[in-house]
Amino acid sequence: MIIVENLSKVYPDGTKALKWVSFRVSQGEFIGLMGPSGSGKSTLLHIIAGLEKPTSGSVFIEGKELTAMNEDQLSEFRKNNIAFIFQFYYLLEDFSVLENLTIVGELAGQKSPKKKALEILDFLRLSHRINHKPYQLSGGEQQRTAIGRALMLSPKIILADEPTGNLDLEEGKKIFELFLELRKQRGITFIIATHNQEMRNYFDRILRLKDGILEG
Ligand code: ADP
């Protein structure tokens with residue numbers, strides 16, 4: 001599903017964020033990406049998502065080489081395949097929970113975005129919050145809304161960068177359980193960067209980064 005080959009990233013200031021990183025991920029795997037702060041986790045996720053270019057190396061997703069695509073091809077590919085979940089939810093603050101989801105479907109030209117959004121919010125157990133604005137929600141509810149927004153485009157892969165970094169342990173566990181349910185129901189493949197040791201047991205496999213090097 002995902003093949004990463006010899007990825008290196010050197011930032012313009014000379015920082016070597018990734019050094020010859022290679023690994024493969026199968027469809028439906030639930031992968032943890034762990035390592036100390038500054039070890040290259042975000043850089044790696046951004047490159048796999050096509051949000052950033054590597055200095056050298058390649059990323060293939062379902063046989064397509066992301067690292068060879070231009071910006072238009074990348075954004076089209078991302079839209080149909082990859083969702084990114086951030087530590088900070090980046091919801092539209094003036095919009096309701098429901099609107100935060102429907103706008104994504106509308107922009108993508110979906111026929112009935114409201115119906116789809118309501119189904120997703122029901123799955124996320126947010127039906128009682130659909131008319132709330134983000135500031136009226138708990139952190140966990142905001143993250144569930146951000147996950148709902150990601151699900152509007154039916155991604156095959158979800159990349160998450162410290163998705164529970166702002167939540168307490170109980171809320172964080174609920175997010176991970178939701179991710180596992182999505183893997184089971186929809187076969188979504190996950191790579192989740194976290195430095196939270198409490199979450200280790202959720203993963204099928206853990207990729208460990210240290211100073212930009214994958215330790216296995
Ligand atoms: P992590 O997600 O594990 O905390 P990052 O991928 O954010 O690690 O960062 C890896 C290294 O690259 C760090 O040394 C960081 O300071 C550096 N870095 C990240 N982004 C940039 C950038 N835009 N310019 C220069 N250095 C960067």
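**Helix packing and aromatic pairs**

Helix H3 (residues 97-107) and helix H5 (residues 139-151) have axes that come within 8 Å and cross at roughly 20°. That crossing makes H3 roughly parallel to H5, since angles under 35 degrees count as such. The model is predicted.

**The H3–H5 contact**

- The crossing of H3 and H5 is right-handed.
- H3 contributes Val-97, Asn-100, Leu-101 and Val-104 to the contact.
- H5 contributes Thr-145, Gly-148 and Arg-149.
- By type, the residues of the contact of H3 with H5 are three nonpolar, three polar and one charged.

**Phe-30 and Phe-190**

- The ring centres of Phe-30 and Phe-190 are 5.2 Å apart, and the planes stand at 55°, so the pair is tilted.
- Phe-30 sits in strand S3 (residues 30-34), while Phe-190 sits in strand S8 (residues 189-193).
- The pair therefore ties together parts that are 160 residues apart in sequence.
- Both Phe-30 and Phe-190 are buried.
- Phe-30 and Phe-190 also belong to a cluster linked by ring pairs, with Phe-176, Phe-179, Tyr-202 and Phe-203.

**Phe-84 and Phe-86**

- Phe-84 and Phe-86 form a tilted aromatic pair, 4.8 Å centre to centre with 40° between the planes.
- Phe-84 has 15% relative accessibility, so Phe-84 counts as buried; the cut-off is under 20%.
- Phe-86 has 29% relative accessibility and therefore counts as partly exposed.

Technical notes
Residues are numbered from 1 along each chain as its sequence is written. This is a predicted model: local features need pLDDT of at least 70, side-chain atom pairs count only at pLDDT 80 or more; totals for chains, interfaces and linings use all residues. Side-chain values use heavy atoms; hydrogens and water are left out. Axes are lines fitted to C-alpha atoms, for helices over the stretch in contact, and angles run from 0 to 180 degrees between N-to-C directions. Helices (H or I, at least four residues) and strands (E, at least two) are DSSP runs, numbered from the N terminus. Angles under 35 degrees count as roughly parallel, over 145 as roughly antiparallel, 65 to 115 as roughly perpendicular and the rest as oblique. A crossing is left-handed if the near helix is turned anticlockwise from the far one by less than a right angle, and right-handed if clockwise. Contact means heavy atoms within 4.5 Å. Ala, Val, Leu, Ile, Met, Phe, Trp, Tyr, Cys and Pro count as nonpolar, Asp, Glu, Lys and Arg as charged, and the others, Gly among them, as polar. Rings of Phe, Tyr and Trp (its six-membered ring) pair if their centres lie within 6.5 Å; planes under 30 degrees apart count as stacked, over 60 as edge-to-face and the rest as tilted. Buried means under 20% relative accessible area, exposed over 50%, partly exposed in between (1.4 Å probe, protein chains only).
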